[in-house]
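Visitor: I am new to this structure. Please take one part and look at it closely with me. I would like to see how two pieces of the chain meet.

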Amino acid sequence: MSKKKSITSQAFTIRYLRRSRELYRRYLETKPWINQLYTTFLGLKPSMTIVDVGCGTGDFTRFLAELIHGKCRIVGVDTRAASLKTAVSETRRARLTGKISYREGDAYNIPIENDFADLTCCRTLLMHLPDPVRAVKEMTRVTKIGGMVATVERGQLPSYYDPDDENFAQLIRKLGDSYVEGVRKLEGKDLVIGNRLPSILRKAGLSDIRAEIQADAWLLSDSRRKVEDVKAQLQFELMNLRENKKVDRKAMLAGGANGEQIDQFYRKYESKTRELLTDSEKLKHNTAFDVGGLYLVTGRKV
Ligand SMILES: C[S@@+](CC[C@H](N)C(=O)[O-])C[C@H]1O[C@@H](n2cnc3c(N)ncnc32)[C@H](O)[C@@H]1O
């Protein structure tokens with residue numbers, strides 16, 4: 001019975017992850033300049049050889065492959081065999097097997113020879129590593145002389161504003177900071193490592209350091225998005241919030257928040273989200289503004 005239930009819930013999660021991947025893809029479609037940002041800033045062009053370290057299920061790997069109109073060779077590397085299995089099947093579904101292959105391996109010991117890639121990149125990997133400089137040095141080793149190392153991570157950009165509930169907006173900002181601080185204390189991870197990327201790349205011996213930001217503006221009433229997509233996003237976020245409540249709470253407490261603030265946050269978040277999901281008029285006129293995004297920092301191997 002419990003086995004059956006867990007298989008069902010696993011299938012549910014996989015369906016949901018696929019859905020959220022598709023939602024983010026459609027969100028990006030409304031912002032073609034993001035594709036241009038990556039193409040120009042990372043110098044993407046046909047015939048390139050690319051290594052994507054910490055590729056996970058290959059979302060970023062496939063994003064890069066789709067931006068290159070023509071042949072290219074991309075190798076995705078990750079320590080998690082289960083993620084690589086999904087990466088392989090999703091790459092087959094996207095008909096990108098001619099461009100992408102995957103290998104199991106560690107960021108500190110990439111299973112690729114010296115001077116292999118024109119571009120070695122990673123997205124949301126360094127925030128998990130206790131020694132990011134060591135990983136960037138290893139990424140540099142597999143990059144050709146004159147080639148580029150590109151790192152993409154979250155930084156201190158996120159901000160939230162709710163014109164109808166300034167206290168809630170303040171609470172979100174406070175708990176966001178506590179969460180980052182708590183994860184730093186409990187797990188030694190820097191979730192906002194983006195701000196440190198230029199110094200990390202410099203320490204790893206790279207030259208010509210450059211930086212850009214991919215800014216994501218989340219305005220639920222933005223008319224470029226379909227209402228069904230926005231609702232599906234809210235449902236996904238609600239599910240994630242419920243699933244991670246216990247761990248997230250632990251991190252926020254460790255980062256200095258108190259139990260009362262956390263309870264208040266969950267109560268308000270859940271009731272506000274439920275209201276938006278059931279009242280389309282409220283959703284259409286909602287002007288709360290959530291800003292996020294990714295820091296892109298590159299360096300050259302000389
Ligand atoms: C947040 S996910 C990012 C996945 C992917 N880069 C993306 O942007 O969709 C972080 C990934 O880093 C991988 N990872 C963590 N530590 C690693 C290590 N030491 N070597 C290689 N991969 C690692 C995890 O298995 C996970 O797939």
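Guide: Start with helix 6, residues 166–187, and helix 9, residues 245–254. This is a predicted model. In it, the axes of the two helices come within 6 Å. They cross at roughly 90°. An angle of 65 to 115 degrees counts as roughly perpendicular, and helix 6 and helix 9 are therefore roughly perpendicular to each other.

Now the residues at the crossing. Helix 6 brings Leu 175, Ser 178, Tyr 179, Gly 182, Val 183, Lys 185 and Leu 186. Helix 9 answers with Asp 248, Ala 251, Met 252, Leu 253 and Ala 254. Sorted by class, this contact has eight nonpolar residues, two polar and two charged.

Step back to the domains. The domain assignment gives domain 1 as 31–155 + 192–216 + 294–302. Domain 2 is 157–188 + 221–285. The C-alpha centres of the two domains lie 29 Å apart.

Last, the whole chain. Its secondary structure comes to eleven helices and eight strands. The C-alpha atoms fill a box of roughly 55 × 45 × 40 Å along the principal axes. A compact globule of 302 residues would have a radius of gyration near 19 Å. The chain has 20 Å, which agrees.

Definitions and conventions:
Residues numbered from 1 in each chain as written. Predicted model: local features only at pLDDT ≥ 70, side-chain atom pairs only at ≥ 80, totals over all residues. Axes fitted to C-alpha atoms, helices over the stretch in contact; angles between N-to-C directions. Helix = DSSP H or I, 4+ residues; strand = E, 2+ residues; numbered from the N terminus. Parallel < 35°, antiparallel > 145°, perpendicular 65-115°, else oblique. Contact = placed C-beta atoms within 7 Å. Nonpolar A, V, L, I, M, F, W, Y, C, P; charged D, E, K, R; others polar. Domains from an automatic or database assignment. Rg over C-alpha atoms; globule rule 2.2 N^0.38 Å.
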